[in-house]
Amino acid sequence: NLLNRRTSFALPLVAVLQTYLLFLLSKYLLLPLFGITDDDEDDDARVTMVCCSWGNTSVLPIIFIEALFRHPYEPSSVLAHCYGHISLYLMGWSPFFWSFGRSILIQSDSEINAHVKNSDVDRNLLGGFSRTIILAKIREMKRLIPPPVAGVLVGLIIGLSPLQYLFVNNPSKGYKAPLAVAFNSFQNLGRAASPLALLVLTSSLAIGAGGQQQQQNGAQKDDDGCSNITDKDNNNNKWIQKWACVSVSRFIASPIIMLTCLRFLHKFDMIGNAQEAPILWFVLLLESCMPPAQNAVLMLQVANKGREASELAKFLFCIYVTAMIPVTVIVGISLQRLGLV
């Protein structure tokens, strides 16, 4: 039980630690290595660092574990453990992404500041400037604690407190919770999360696929001389540099860093070894090799950066296509080495 509690604290910690180590590696080693200039005014550098550091930690891992571990009629205990590990991982990953990751990708809250300065109605009718600041802080907290994290927190509070006896049945002891119908209702609603998240993911990638097709059509029609050809060559070179940098970070460096973090945490008895906790090790290795988070596209769209969001969607589409081979190899090796197949 003590090890399980330590593991519950270790998962959010390893999410932040591994992501931050990837950020430092990409900023100070990979970007210079691939010839990408780390300039505060360079959008490509900031987008590349975010893509190198933050992976898709919810939608794709859930699809993988459901395909691998779901029984024909009901979730297995292995699948339930995988869900728990992913949820705890998100508790560290999501706030870090929507705070530190957002500050890298967008760098400023000009749209919020403009709203604060121009909200004369709020100042006159809602009690002055302090009221507007409070509303801005509430919006900031909503970004730091998105709905998935809020759901995990509520689940932890209920599961680790006497409230669990109101909602959760215990068939082994013949106990039926009085509010089990509420728990079962939320469980059924939760089953729609994966299909809906998959629709969001495919929609984001479809934007990139459509943009790629338009770019190819435009390239065929454009014949304006040597200057345009030179610009296209430069853009293609930058795109290849960014693609190579993100691919090395997500599919080579990230699994190595995660494996190092797991061994480090095991030495401090925060998690079991690969033989004692194979499901935990598999889930974290799966998280480490995922392609970049598509939420970055949403983040740019919310910040009224439509052009940047469209360019990022095109780039992510290519990275997700690239990810098919390395992710398959890493997942296959992990399953075999951990004895899960």
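The largest nonpolar core of this predicted model brings together 74 residues, and Trp93, Phe97, Leu105, Leu284 and Leu312 are the ones that touch the most other members.

Stepping back to the whole chain, the fold is built from 15 helices and 0 strands. Of the 341 residues, 39% are buried. Among contacts with a separation of 6 or more, 75% join residues 24 or more positions apart. The accessible surface amounts to about 19100 Å², and carbon and sulfur atoms account for 62% of that area.

Val321, Met324, Ile325, Val329 and Ile333 together make a nonpolar surface patch of about 480 Å². One of these residues, Val329, sits in helix α15 and counts as partly exposed because its relative accessibility is 45%.

Side chains of opposite charge can pair when their charged atoms come close. The model contains 3 salt bridges. In one of them, Lys242 pairs with Asp44, with 3.6 Å between the closest N and O atoms. This bridge links distant parts of the chain, since Lys242 belongs to helix α12 and Asp44 to helix α2, 198 residues apart. Lys242 has a relative accessible area of 12% and is therefore buried, whereas Asp44, at 32%, is partly exposed.

The salt bridge between Glu311 and Lys314 has an N to O distance of 3.2 Å. Both residues lie in helix α15, 3 residues apart, which is about one turn of the helix. Here Glu311 is partly exposed at 41% relative accessibility, while Lys314 is buried with a relative accessible area of 14%. Glu308 and Arg307 also meet through their side chains in a salt bridge, at 3.4 Å from N to O. Arg307 counts as exposed, with a relative accessibility of 56%.

The protein chain has an average pLDDT of 79, and 75% of its residues score at least 70. For residues 109-126 the pLDDT stays under 50, and the model gives this stretch 23 contacts beyond four places in sequence. Residues 216-225 likewise have a pLDDT below 50, with 3 contacts beyond near neighbours in sequence.

Definitions and conventions: Residues are numbered from 1 along each chain as its sequence is written. This is a predicted model: local features need pLDDT of at least 70, side-chain atom pairs count only at pLDDT 80 or more; totals for chains, interfaces and linings use all residues. Side-chain values use heavy atoms; hydrogens and water are left out. pLDDT is the predictor's confidence in each residue, from 0 to 100. Contact means heavy atoms within 4.5 Å. Helices (H or I, at least four residues) and strands (E, at least two) are DSSP runs, numbered from the N terminus. Buried means under 20% relative accessible area, exposed over 50%, partly exposed in between (1.4 Å probe, protein chains only). Accessible areas come from the Shrake-Rupley method with a 1.4 Å probe; for residues, only the protein chains shown count as cover. A nonpolar core is a set of buried Ala, Val, Leu, Ile, Met, Phe, Trp, Tyr and Cys residues joined through side-chain atoms within 4.5 Å. Patches are made of residues with over 30% relative accessible area and no salt bridge: like charges are joined within 9 Å, nonpolar side chains (Val, Leu, Ile, Met, Phe, Trp, Tyr) within 5 Å. A salt bridge is a side-chain nitrogen of Lys or Arg within 4 Å of a carboxyl oxygen of Asp or Glu.
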